[in-house]
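Hi everyone, thanks for coming.

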Amino acid sequence: MKEIKFRAYAQFDKTWHYWDVYGEYPEGIYGGLSEPQQYTGLKDKNGKEIYEGDYLWSKDSHGVNVGTNIVMFQDGCFF
C-alpha cells in the first residue's frame with residue numbers, strides 16, 4: 001500500500017517539514033511554508049524519496065545527462 005505523505009519548505013529557517021495523511025499540517029512557522037508537495041511512492045537510486053516538485057536528471061543509454069525534468073501531478077497521476 002502506498003504511503004501518503006507530504007512536505008513543505010519553510011523559507012525562514014530553510015528546512016523541510018514532513019507529515020503523513022494522519023498528521024496535521026504544520027502551522028505557526030515563522031515566514032510561512034511553501035505549497036505542500038505529495039510523496040510519489042517512489043525512491044531514487046540512492047533511496048531518497050521523490051516528491052512532487054522535485055527535479056530529476058534524465059540520462060541517455062550511455063549515461064550522459066540529457067536534461068532535467070520536474071515531477072508533476074496531473075489528471076490523477078505523477079509524471
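How much space lies in the largest pocket? About 290 Å³. Please keep in mind that this is a predicted model.

So, who lines that pocket? Among the residues there are Arg-7, Asp-44, Lys-48, Tyr-55 and Trp-57. Two elements, β4 (49-51) and β5 (55-59), each give two or more residues to the lining, and β5 provides the largest share, with four. By class, you will find seven charged residues, four nonpolar and one polar.

Now to the aromatic rings. A pair of rings is described by the distance of the centres and the angle of the planes. The count here is five aromatic pairs. Take Phe-6 and Trp-19: their centres are 6.0 Å apart and their planes are at 25 degrees, under the 30 degree limit, so this pair is stacked. Phe-6 belongs to strand β1 (residues 5-10) and Trp-19 to strand β2 (residues 15-20), so the pair ties together parts 13 residues apart in sequence. Trp-19 is buried, at 12% relative accessible area, while Phe-6, at 22%, counts as partly exposed.

Next, Tyr-39 and Tyr-51. Their ring centres lie 5.4 Å apart with planes at 45 degrees, so we call the pair tilted. Tyr-39 is in strand β3 (residues 37-43) and Tyr-51 in strand β4, so this pair joins parts 12 residues apart in sequence.

Finally, look for charges over rings. The charged end of Lys-5 sits over the ring of Tyr-39, 4.9 Å from its centre.

How values were computed
Residues numbered from 1 in each chain as written. Predicted model: local features only at pLDDT ≥ 70, side-chain atom pairs only at ≥ 80, totals over all residues. Heavy atoms only, no water. 1 Å grid on protein atoms, 1.4 Å probe; cavity = no way out; pocket = protein on both sides within 12 Å on 5 of 7 lines; lining within 4 Å. Points joined across faces, edges and corners; volume = space filled by probe spheres on them. Nonpolar A, V, L, I, M, F, W, Y, C, P; charged D, E, K, R; others polar. Phe/Tyr/Trp six-rings, centres within 6.5 Å; stacked < 30°, edge-to-face > 60°. Buried < 20%, exposed > 50% of the residue type's maximum accessible area, 1.4 Å probe, protein only. Lys NZ or Arg CZ within 6 Å of the ring centre and 35° of its normal.
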